[in-house]
Amino acid sequence: MLQNKTFKNFLIEQKSLVTLLILIAIVSCLSDNFFTLNNFFNILQQTSINAIIAVGMTLVILTSGIDLTVGSTFALAGAITASLVGSDISPFIAIAVSLALGSLLGAFSGLIIAKGKIQAFIATLVMMLILRGVTQVYTKGSPISTGMNDNSELFEWFAFGRVFAIPVPIIIMAMVFIAAWYLLKYTRLGRYIYALGGNESATKLSGINVDRVKITVYALSGLLCALASTIEVARLSSAQPTAGTGYEMDAIAAVVLGGTSMSGGKGKIIGTLIGALILGFLNNGLNMLGVDAYYQMIVKGVVILLAVLVDKKTNK
């Protein structure tokens, strides 16, 4: 009896991991080409962009917030990066400018929320529209190419390079998750993030500057959006004015599938990684099985709904 209860508790606690393993097992049985090292590398590379953005989204949601600007920040930061690289500027300088821009845009959203006392949903929705408009104006509605020069070839390394046979996007993704895990587990800011999401009033009374915490997490979210855009721009050798459309939903889905509570204060960064992998493996599996794109949207929606219902039930 005790063993059965322990096993049940394990399944509940590790429901995201169990879901991922079941998904891999099912698709592996249905497709001979799925369970291969090359395909796994392919999935991880495709997942890296959403996973990196989802890390920032996790930090925001843990504070009981939401960030709808991630897709628009992604697009604008990518456009800036592409135009700088195309102007024969060092890709490292271009990336640094992009990361700084992403951080500033995120911090501005956080400032509106913290100082303006506006709900995160409304504030980031407005910023999403503004940034999307700025991107369209900056790009004039047309793609921006990174050009054909030595710097653009070096820039492509961020998408196609390998270190010890491991693709660079996977390495970047791993570094982001390790850094976020360390931040949440071992730093003061990490403790403040959980405290803020758990009870903002109590956190204020304990002397913590909650406004600073909010601005910081939104700044980190913007920075990670810019970092993710670097990988996509390097892969496509151009920045699209419509890039990042719907990415906020994918990021939120990864966070929810990973078990982070939308009310804040509860969740782990490893869960977000598993959530992003579930979406990545699901997309890849459905593509291999030849499932129509419209049906794929329905399947993903059902999976996310089930995850929310299960989380709601197990956290009563």
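**Salt bridges, a lined pocket and buried helical positions**

At 54% relative accessibility, Lys-115 counts as exposed, because the threshold for that class is over 50%. The model described here is predicted. Within this model, 4 salt bridges are present. In one of them, the side chain of Lys-115 meets that of Asp-211, with an N to O distance of 3.3 Å. This pair connects distant parts of the chain, since Lys-115 belongs to helix 5 (residues 91–116) and Asp-211 to helix 12, 96 residues apart.

Asp-211 also forms a salt bridge with Lys-117, the closest N and O atoms being 3.9 Å apart. Lys-117 is located in the loop between helix 5 and helix 6 (120–139), whereas Asp-211 is in helix 12, so the pair ties together parts that are 94 residues apart in sequence. The relative accessible area of Lys-117 is 58%, and the residue is exposed. Asp-211, by contrast, is buried, at 12%.

A further salt bridge joins the side chains of Glu-232 and Arg-235 at 3.8 Å, N to O. Both residues lie in helix 12, 3 residues apart, or about one turn of the helix. An α-helix has 3.6 residues a turn, so residues three or four places apart point the same way. Glu-232 is buried, with a relative accessible area of 8%, while Arg-235 is partly exposed at 42%. Through shared partners, salt bridges join Lys-115, Lys-117 and Asp-211 into one network.

The largest pocket has a volume of about 610 Å³. Its lining comprises 22 residues, and Gln-46, Thr-47, Asn-50, Tyr-247 and Asn-283 are those nearest the centre. Two or more lining residues are contributed by each of helix 3 (37–62), helix 8 (157–160), helix 12 (210–236), helix 13 (247–257) and helix 14 (269–288). Helix 3 provides the largest share, with 7 residues. Classified by residue type, the lining contains 9 nonpolar, 9 polar and 4 charged residues.

Ser-48 is also found in helix 3. The residue is buried, with a relative accessible area of 0%. Apart from neighbours within four places in sequence, Ser-48 is in contact with Pro-169, Met-173 and Ile-231.

Helix 14 is mostly covered, with 16 of its 20 residues buried. At 1.5 Å a residue, a helix of 20 residues should span 28 Å, and the end C-alpha atoms of helix 14 are 29 Å apart, which agrees. The helix is followed by Gly-290, which has a positive phi, near 75°.

Technical notes. Residues are numbered from 1 along each chain as its sequence is written. This is a predicted model: local features need pLDDT of at least 70, side-chain atom pairs count only at pLDDT 80 or more; totals for chains, interfaces and linings use all residues. Side-chain values use heavy atoms; hydrogens and water are left out. On a 1 Å grid over the protein atoms alone, a cavity is a set of points where a 1.4 Å probe fits but cannot get out, and a pocket is an open set with protein on both sides within 12 Å along at least five of seven lines; lining residues have an atom within 4 Å of a point. Grid points are joined across faces, edges and corners, and a volume is the space filled by probe spheres set on the points. Helices (H or I, at least four residues) and strands (E, at least two) are DSSP runs, numbered from the N terminus. Ala, Val, Leu, Ile, Met, Phe, Trp, Tyr, Cys and Pro count as nonpolar, Asp, Glu, Lys and Arg as charged, and the others, Gly among them, as polar. The expected span of a helix is 1.5 Å times one less than its number of residues. Buried means under 20% relative accessible area, exposed over 50%, partly exposed in between (1.4 Å probe, protein chains only). Contact means heavy atoms within 4.5 Å.
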